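Please look over the structure shown here before reading the numbered points.

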Amino acid sequence: MLYNVKVNHEDLGEFESAEKLWQAISEADLVTGDLADWEDIDDSSVPSLLKAAQDQGFIDDYDLEEIPDREPLEDYLDNALDYPEQVGADLTAVLTGAREFAGLKITDDQIQKYIDQIMYSPDDYTDKIEDQVVRAIGKVDYQGLVRWVDWVGGDDTAANLLNE
């Protein structure tokens, strides 16, 4: 399960691994107390790590939010990029959404060049853009992913995909 985590009111980001969360808490200097005991804390899951850290006084508080499965949303955007007609997506919306919600550095001229080229003869340029968009899909945070899917498919597309 993926979780969005705040410790002592500091947003640490999204974590699936308790070991990576342990490392992030340590690197952010949020631990108080005996560091030798901190090394031995229960890190069998993200919730158990946070509960044990608070119970043992290493942290003051935490906020833990489960993040729903990203896969249906990522699959939708992948399909919208590869087969826009089949999913009823506008390819321009996929690319501008990558810019708006995932921070992809792509201009309107580059988007138009991609669309013109992909229609007739895909080449290294189109492959490069597609690779960048696929990486952006994997890196965008969950809220950005939801907004991007709704941008491409219309309001409530993400909610409908997650409820299937």
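**Notes on the predicted model**

1. About 9600 Å² of the protein is accessible surface, and carbon and sulfur atoms hold 43% of that. Accessible areas come from the Shrake-Rupley method with a 1.4 Å probe; for residues, only the protein chains shown count as cover. Of the 164 residues, 38% are buried (under 20% relative accessible area, 1.4 Å probe, protein chains only).

2. The model is predicted: local features need pLDDT of at least 70, side-chain atom pairs count only at pLDDT 80 or more, and totals for chains, interfaces and linings use all residues. Residues are numbered from 1 along each chain as its sequence is written, and side-chain values use heavy atoms, with hydrogens and water left out.

3. The radius of gyration is 20 Å, whereas a compact globule of 164 residues would have one near 15 Å. This radius is taken over C-alpha atoms, and the globule rule is 2.2 Å times the number of residues to the power 0.38. Along the principal axes, the C-alpha atoms fill a box of roughly 65 × 35 × 25 Å.

4. There are ten helices and three strands (DSSP runs numbered from the N terminus: H or I of at least four residues for helices, E of at least two for strands).

5. Strand β1 (residues 2–7) pairs antiparallel with β3 (residues 62–67) over six bridges; strands pair if DSSP finds at least two bridges between them. Y3 has E66 in β3 as its bridge partner.

6. β1 also runs antiparallel to β2 (residues 10–15), with five bridges. K6 is bridged to D11 in β2. Two residues separate β1 and β2 in a hairpin, and N8 in the turn has a positive phi of about 50°.

Methods. Buried means under 20% relative accessible area, exposed over 50%, partly exposed in between (1.4 Å probe, protein chains only).
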